[in-house]
Amino acid sequence: MKLFSTIVLLTIFINSNAQQKRILLKPDRVFDGVEMLNDWSVIVQGKSILYAEPSANKPASDSTINMPGQTLLPGLIEGHSHLFLHPYNETQWNDQVLKESRAERLVRAVNHAKATLMAGFTTVRDLGTEDAGYDDVGLKQSINKGLIPGPRMIVAGRAIVATGSYGPKSDNTELNLIKGAEESDGANLTTTVRNQMGHGVDLIKIYADYRWGVNNTSVATFTIDEIKNMVEVAGTTGRPVVAHAGTKEGMRRAVEGGVETIEHGDDGDEKIFKLMKSKSVALCPTLAAGDTTSQYAGRKKGVDPEPNRIRLKRKSFELALKTGVTIVFGGDAVVFADGDNAREMEMMVDYGMKPLAVLQSATSVNARVFHSDDLGQIKAGYLADIISVTGDPVATIAAMRKVNFVMKNGVIYLSK
Ligand SMILES: [Zn+2]
């Protein structure tokens, strides 16, 4: 027994000693989460960044990884993913929710988690399992225990919808189908929010509008008072509420109700964006979602004229930028394939956002909005979530697809 404990102690000592080795990363340039810097060096020790400053003053290190022609960036933060879903051109959302087994959905999520990490996304805010219960909480725990590779996860669990609003729905209106999220309303919302928090969610995701109006038009769901109640109950434990909202009224109610981010926001106008700015509510525009969906519907991108819906989305995004609303990077990864998350960055640039601002959004801005104080920047003391890409993404945003190196928590997952 004594020998055993000595061996265990010795192993721990050797491991921690090994972890303490200083690794020097030498790229061509460093984007630190705020600006692009030349002649910089970064040293990682254990889980953290020890040094990120001009190369001239750098302290000694134990080993060096040279990265010629590459840009070092903080690990990217995907603001809107659904690891438990896969692209709708493979299987319609209804069929994924109704016909796929929980086991299949979890297996897919495991694959998606790996693909997302290897694409340089070391953190995801996963906004609803869509009837895979709290398996996102278990997936997060499994990743944290090192059972499988994957990003850090900020999870929403089942998400909350107003009774009667959400799908799947059937032409046979007598059928009580299972739903993609948990139905609740009125005074029950207090219990629903508390119950979800008890199951380990990091935030509460609500659907502030949905296609449940007459003729399937999108209309608001919860009342402002209902949203205020959820925000107060969740806020007691320090958890934020975030809202899916595309209509003006859905957005207005969510903002007045006190949510932290609006997901999609397609119909946002100047009045709504000014309201968001005044209340410090951020917009997660999910540009790639609409673009991809219209291509699944048969549009040939670059050949066919842009459908009205896409033109309006462009306009509203420009308006959001002009108004100065905080933009959270998030592509609604699932509508397209996980691992292809950089597509949203290309679209943000295409729709008028400066490349440097896009990089800030996917790193330091998302970290701030998601309350991840030790992520999103390459800075001494921050966690060592670091990636590299070939080329300079400020010159060509498509460089974000050429990921060569992925480190999370000081552990290297990819090194080409
Ligand atoms: Zn979504």
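In this predicted model, H244 stands opposite E263 in β15, where strands (E, at least two residues) and helices (H or I, at least four) are DSSP runs numbered from the N terminus. Residues are numbered from 1 along each chain as its sequence is written. Because the model is predicted, local features need pLDDT of at least 70 and side-chain atom pairs count only at pLDDT 80 or more, while totals for chains, interfaces and linings use all residues.

The pairing of H244 with E263 belongs to a parallel arrangement in which four bridges join strand β14 (residues 241–245) to β15; two strands pair if DSSP finds at least two bridges between them. Strand β16 (residues 282–284) runs parallel to β15, and three bridges join the two.

Helices link these strands in turn. A right-handed β-α-β unit is made by β14, helix α7 (residues 248–257) and β15, and another right-handed unit of this kind by β15, helix α8 (residues 270–278) and β16. A crossover is right-handed if, with the strands pointing away from the viewer, the path from the first strand over the helix to the second runs clockwise.

I262 counts as buried because it has 28 C-beta neighbours inside 10 Å; the cut-offs are 20 or more other C-beta atoms within 10 Å for buried, 12 or fewer for exposed, and partly exposed in between, with C-beta atoms placed from the backbone. Leaving aside residues up to four places away in sequence, I262 touches A243, A245, M251, A254, V255, M276, V281, L283 and C284, contact being defined as C-beta atoms, placed from the backbone, within 7 Å. The C-alpha atoms of I262 and H244 are separated by 6.0 Å, although the two residues are 18 apart along the chain.

Turning to the whole chain, the domain assignment gives domain 1 (21–74 + 377–415) and domain 2 (80–340), with bounds that come from an automatic or database assignment. Their C-alpha centres lie 32 Å apart. Seven residues of domain 1 are in contact with six residues of domain 2. On the side of domain 1 that touches domain 2, β18 (403–408) and β19 (411–415) each supply at least two residues, and the largest share, three residues, comes from β18. This side comprises five nonpolar, no polar and two charged residues, with Ala, Val, Leu, Ile, Met, Phe, Trp, Tyr, Cys and Pro counted as nonpolar, Asp, Glu, Lys and Arg as charged, and the others, Gly among them, as polar.

Definitions and conventions
Contact = placed C-beta atoms within 7 Å.
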